[in-house]
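Please open the structure in a viewer and keep the selection tool at hand.

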Amino acid sequence: MNKPYNEAEHYAKNWQQQLAEAFNSIEDLCAYLNLSPDELPVSVAATHSFALRVPLSFAACIEKGNPDDPLLRQVLPVNDETLIYPGYSNDPVGDIPAAAQTGVIHKYQGRALLINTGSCAINCRYCFRRNFPYAELQLGKQQEEAAMTYIATDASITEVILSGGDPLLLNDERLARLITQLNTIKQIKRIRIHSRLPIVLPARITEALTHALRDSTQQTVVVVHCNHVNEINSRVITACKRLKDSGITLLNQSVLLRGVNDHADTLCALSEGLFDIGIIPYYLHLLDKATGTAHFDVPETEALRLTRQMQDRLPGYLVPRLVKEQAGTTAKQAIF
Ligand code: SF4
């Protein structure tokens, strides 16, 4: 990263260059935020297994000088991540046993999920796939043909989910090829893309990308991932408008996180902020119990209470479904 940051120059660069300039050290991030690492419970050891990565567009939404900022908590590696708790594992949702073949997870009726990349633009400390063996299970170019054959020969699969990591980190050419291949499979009705990039690296939502998505003969649904209304800045609004204007359905999934969004006021503000920019609040997930994430957990009873408070204050369409995922089950469990 170049220091000091020239923000105007940074945002004038393309998304790959912006990504290359993401913060990747505790010191640099803290310096940018006017915080002293010595006064925070930071852990360099936690970055050995799961690196720090924060694009400037997201870091710019963090309140400078505030060690308790809810966005900072999502990305700052801390000592709690190195503690071991019973009930937490490296594959909390049972992805590995559900891998039908390299890069293809076939867990739920009617849907198959492609693990397109192991990379993300941001490394969220609570991530359920933070310990996922991407090196063995991500879909490389060599496995694409076999993956398409698997999907095409199972007539029950009508929706394909591009996931990761973050599938929008694939370059336009590879994404367009994937979409073109999927478009040739008759029974596929929808391509769903799970991505945090419209929120954390909005420069990725280029006209070329939206054209590729719009040209798909199958419906495109983009499920973004936003946990707090402060993540929505003017660049995010522009990116989401571009997707919306291309006829893409936009949904949001968030994770209920201790110290981030575990108040009804915060969750209501998030729903309102999302809907203001054309995104339907779709899922509120209980934490998936991945090793290193226990300090983010909000118990189910508290989650239920918070969701009921949201229901008392918001129209139904702004209350996300409270869900949890359990390894070995055939569907997400709706709690509310
Ligand atoms: S963007 Fe999603 S997959 Fe990537 S680290 Fe964050 S939660 Fe995990």
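Begin by selecting Y283, which stands opposite R321 in β9. The model is a predicted one, in which local features need pLDDT of at least 70 and side-chain atom pairs count only at pLDDT 80 or more, while totals for chains, interfaces and linings use all residues. Residues are numbered from 1 along each chain as its sequence is written.

**The sheet and its last strands**

Helices (H or I, at least four residues) and strands (E, at least two) are DSSP runs, numbered from the N terminus. Two strands are said to pair if DSSP finds at least two bridges between them.

Select residues 280-285 and 321-324 together. These are strands β8 and β9, which pair in the parallel sense over three bridges.

Next, select residues 333-334, strand β10. Its pairing with β9 is antiparallel, over two bridges, and K324 stands opposite Q333 in β10.

Now display the whole sheet. It is open, has 10 strands in the order β1-β2-β3-β4-β5-β6-β7-β8-β9-β10, and its pairing is mixed. The edge strands are β1 (99-101) and β10, each of which pairs on one side only.

**Helix α11**

Select residues 207-214. Which residues of helix α11 are buried? They are L209, A212 and L213. A residue is buried if 20 or more other C-beta atoms lie within 10 Å of its own, exposed if 12 or fewer, and partly exposed in between, with C-beta atoms placed from the backbone. The three cover an arc of only 95° around the axis, which puts them on the same side of α11; the arc is that of the directions from the helix axis to the C-beta atoms. The face turned away from this buried side carries the exposed residues E207, A208 and H211. The buried residues of α11 pack against α9 (172-183) and β6 (219-225).

**The ligand shell**

Surrounding the ligand are C120, I122, N123, C124, C127, R129, G164, G165, D166, R196 and H225.

Zoom in on G164 and G165. A cis peptide bond joins them, with omega about 20°. G165 is found in the loop between β4 (159-163) and α9.

**Two further stops**

Select C240, placed in helix α12 (residues 234-245). Is this residue buried or exposed? C240 counts as buried because it has 26 C-beta neighbours inside 10 Å. Leaving aside neighbours within four places in sequence, C240 is in contact (C-beta atoms, placed from the backbone, within 7 Å) with P198, L250, I277, G278 and I279.

Finally, select N34, in the loop between α3 (26-32) and α4 (45-49). Its phi is near 55°, a positive value in a residue other than glycine. N34 counts as exposed, because it has 10 C-beta neighbours inside 10 Å.

Terms used. Contact = placed C-beta atoms within 7 Å. Near = placed C-beta within 6 Å.
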